[in-house]
Amino acid sequence: MARANRFGFISTNNGVEGKIYNFEWFMGLALSQLRKSIRSLHDEIRKSGIQKVLEVSRKSEDPIGNKLSAFNLMVEVNGIKSSVESLYHGSKVFNENIKFEECNNMKPGDSRKYVHELIKKDSLILTGFEFNGLLFTLSTKSMCYDYIYILGLVQNKEVGDQLIKYDCFTDIVFNQNKSVACQARTCAMYKYLRENNLIDKYLNNPFEFEYLYRS
């Protein structure tokens with residue numbers, strides 16, 4: 001029997017807490033196999049006393065979890081509507097101030113592939129992020145991603161209204177050893193901000209919330 005570790009993220013009085021759960025992993029990347037793994041992970045989380053668990057990805061069996069995927073959640077900026085995923089890749093700034101803002105108009109999967117191929121081809125080094133006039137450093141790598149994602153939730157309030165009904169959020173493909181930004185963690189962060197009436201303050205100055213990234 002294969003086992004795996006994945007995070008479950010919850011909103012707390014002080015911000016966001018991530019806990020690692022060990023669960024039975026069903027081999028293979030087919031959707032049916034991944035969903036078996038999600039059910040197994042959620043069963044482990046429920047054993048800890050948390051009942052309302054949401055998988056946040058396109059693999060989710062819950063329509064809300066699917067809508068919350070960064071590939072599906074849309075954001076409108078300066079009259080242009082695009083996915084969180086594409087806007088995130090378009091926000092990246094590399095050495096010599098190289099940017100790929102054309103990603104903003106791409107399909108989410110294409111934007112990710114496009115940037116990754118150029119990074120490899122030209123040996124680019126990520127130096128920061130820029131989104132809608134805001135500059136983000138690498139000290140908190142996921143802050144720009146979180147900002148874009150939360151802006152998308154504000155613009156799609158009906159999805160945000162459904163999100164806060166859940167207590168724990170997962171993303172079956174997130175690997176903390178390979179990625180920094182995690183849509184499941186951002187959902188827990190949004191719940192924290194909304195329940196504490198901090199959404200407007202956050203959107204006006206996300207840098208006041210660096211404490212949410214301290215372990």
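A search of the whole structure, which is a predicted model, turned up zero disulfides, a disulfide being a pair of cysteine sulfur atoms within 2.5 Å. The sulfur of Cys 182 lies 8.6 Å from the closest cysteine sulfur, that of Cys 187, which is too far for a bond. Both residues are tucked away: Cys 182 is buried at 3% relative accessible area, and Cys 187 is buried at 0%. Here, buried means under 20% relative accessible area, exposed over 50%, and partly exposed in between (1.4 Å probe, protein chains only).

Aromatic rings come next. Rings of Phe, Tyr and Trp (its six-membered ring) pair if their centres lie within 6.5 Å; planes under 30 degrees apart count as stacked, over 60 as edge-to-face, and the rest as tilted. The count comes to 13 aromatic pairs. In one of them, Phe 94 and Phe 100 have ring centres 5.7 Å apart and planes at 55 degrees, so this pair is tilted. Phe 94 is buried at 2% relative accessibility, and Phe 100 is buried at 9%.

Phe 136 and Phe 207 also form a tilted pair, with 5.3 Å from centre to centre and 40 degrees between the planes. Phe 136 is buried at 4%, whereas Phe 207 is partly exposed at 31%. Ring pairs link a cluster that includes these two residues along with Phe 131, Tyr 147, Tyr 202, Phe 209 and Tyr 211.

Residues are numbered from 1 along each chain as its sequence is written. Local features need pLDDT of at least 70, side-chain atom pairs count only at pLDDT 80 or more, totals for chains, interfaces and linings use all residues, and side-chain values use heavy atoms, leaving out hydrogens and water.
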